[in-house]
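Subject: Structure for your review

Dear colleague,

Please find below the structure that I am handing over to you.

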Amino acid sequence: MMPDATEREFDVVVIGAGAVGENVAGRVVQGGLTAVLVEAELVGGECSYWACMPSKALLRPGTALHGAQTTPGAKEAVTRTLDAAAVLERRDYFTSNWQDDSQVSWVKDTGIDLVRGHAWLTGPKAVEVAGLDGTQHLLRARHAVVLATGSTPNTPPIEGLEDVQVWGTREATSAREVPERLAVVGGGVAGTELAQAFARLGSSVTLVARSGLLGNYPEEASALVAAGLRADGVELRLNTATERVSENDDGTLTLSLGDGTTVTAEKVLVSTGRHPALEGLGLESVGFEPDESGHLSLSTDPSGLAQGTPGDEPWLYAVGDAAGKNLFTHQGKYEARVTGDAIAARAKGELKGTPGDWTPYAQTANQHAVPSVVFTDPELASVGRTLQAASKDGYNASSVELPIQVAGSSLHSENYEGWAQLVVDEDRRVLLGATFAGPDVAELLHAATIAVVGEVPLDRLWHAVPSYPTISEVWLRLLEEYGLRFLFELTSQFG
């Protein structure tokens with residue numbers, strides 16, 4: 001600590017003022033505690049400025065235009081392509097032009113203190129901050145330090161990558177111009193979404209993935225997304241490694257692929273996953289060491305408490321991407337609310353030990369009902385376990401799947417193509433998971449999430465009547481395909 005450092009004490013110190021950190025601090029303040037947020041960049045974090053909001057702002061105009069183009073009566077009125085400049089301007093609006101004034105005002109109005117700077121642990125409940133204004137701070141926590149530092153991109157082992165200027169997702173979502181040619185390395189959610197966004201904005205896009213596209217989802221669902229990308233002109237080089245990247249004399253970049261071919265583009269976007277941003281936080285000073293790959297990780301209990309924290313009283317927590325469980329903003333905010341409430345309850349002596357499942361202080365949904373949406377066109381929406389995951393976890397599971405072919409889908413757009421799957425626990429006759437693929441299926445997802453979290457029995461779910469004519473009618477078709485109507489007939493005859 002420098003001699004002129006200012007020293008202050010709070011009930012809770014939160015490192016990271018993204019959406020997750022904001023929610024933790026907000027909950028502990030609501031619980032009657034004091035809190036300070038420490039942030040080295042923009043208050044609001046990755047989601048607000050470089051991830052969720054700008055990427056969806058880039059995607060939505062293309063989806064709206066395509067929706068009109070696939071609906072007779074509307075398609076005849078569509079005479080233009082996307083206005084890229086207008087799309088980028090709308091993106092700027094949703095990022096508040098990368099200004100965090102409104103977020104800072106919310107922090108202040110909520111009663112949370114804010115320190116701008118780089119923070120690290122120096123000991124139990126002790127955080128040092130190198131302020132962006134040159135001031136040094138020593139913050140002490142009476143009850144808890146919370147790591148809400150998000151995640152950082154993985155760097156794939158590609159020869160020459162460190163010698164050239166490539167895009168990460170930040171550079172892609174904040175781009176000022178649309179490149180003539182874009183090469184995307186990575187077939188995960190971010191790479192897939194941004195490949196389609198830039199293709200619809202006018203780029204010639206090639207996506208290269210070491211394995212398949214969206215490999216964490218059922219193949220039938222990801223195949224529909226792949227077809228959507230190809231329809232937009234995206235060239236897919238799947239199950240193909242990128243071995244080398246080099247810069248050409250004209251400033252373009254060339255990827256050398258494992259199959260002997262090359263791809264040349266003005267810009268290369270590398271999107272090959274992320275890992276918790278825990279380096280440089282001083283975790284070594286409180287007993288945590290990096291693994292063989294040099295990465296730090298934390299194991300947390302259902303309340304977000306870091307396991308192995310030194311001292312007699314629990315004090316170190318990790319939430320959101322920093323906890324490394326589910327790298328989704330919505331899930332991180334859920335964890336933050338749970339953790340904030342748990343911290344306040346422990347401070348008041350109302351919570352002892354590990355909280356039980358499905359209580360206000362346990363992040364139980366992390367194990368059973370994590371929703372996710374790929375905002376491509378068509379969309380891919382999923383919650384809970386896949387059939388393979390359910391079997392691996394020891395469930396006696398089955399699945400039922402169907403193409404989405406109901407009155408609502410045929411009215412939605414011409415030649416609507418979709419797919420839906422339910423995963424069932426046969427012993428309890430409840431849903432373990434659900435997946436939907438098709439235009440606008442994201443709005444089907446919360447019903448599935450409720451069914452999984454509430455463990456709604458299938459014979460009760462049968463009475464949740466979908467409105468006609470909507471795409472939600474696929475729920476009825478899935479339950480019928482599962483055989484529920486036949487089972488009801490047997491029950492009425494013999495039960």
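In this account, helices and strands are DSSP runs, numbered from the N terminus; a helix has at least four residues and a strand at least two. Please note that the model is predicted.

I begin with helix 8. Gly233, which follows this helix, has a positive phi, near 90°. Ala221, Ser222, Leu224, Val225, Ala226, Gly228 and Leu229 are the buried residues of helix 8. Among the elements that cover them are helix 7, strand 9 (235–237), strand 17 (379–384), strand 19 (419–425) and strand 20 (430–438).

Leaving aside residues up to four places away in sequence, Val205 is in contact with Leu182, Val184, Ala195, Phe198, Ala199, Gly233, Val234 and Glu235.

I turn now to the charged side chains. The whole structure holds 23 salt bridges. One of them joins Asp341 and Arg27, at 2.8 Å from N to O. Because Asp341 belongs to helix 9 (residues 329–347) and Arg27 to helix 1 (residues 19–30), this pair ties together parts that are 314 residues apart in sequence. Asp341 is partly exposed, at 22% relative accessibility, and Arg27 is likewise partly exposed, at 26%.

A further salt bridge brings Arg116 together with Asp100 (3.0 Å, N to O). Arg116 is in strand 3 (residues 113–123), while Asp100 is in the loop between helix 4 and helix 5 (101–110), 16 residues apart. Which of the two partners is buried, given that buried means under 20% relative accessible area? Asp100, at 7% relative accessibility, counts as buried, whereas Arg116, at 31%, is partly exposed.

Within helix 15 (residues 474–482), Arg477 and Glu480 lie three residues apart, about one turn of the helix. Their closest N and O atoms are 3.0 Å apart, forming a salt bridge. Finally, salt bridges with shared partners join Glu9, Asp11 and Arg142 into one network.

Yours sincerely

Key:
Residues numbered from 1 in each chain as written. Predicted model: local features only at pLDDT ≥ 70, side-chain atom pairs only at ≥ 80, totals over all residues. Heavy atoms only, no water. Contact = heavy atoms within 4.5 Å. Buried < 20%, exposed > 50% of the residue type's maximum accessible area, 1.4 Å probe, protein only. Salt bridge = Lys/Arg side-chain N within 4 Å of Asp/Glu carboxyl O.
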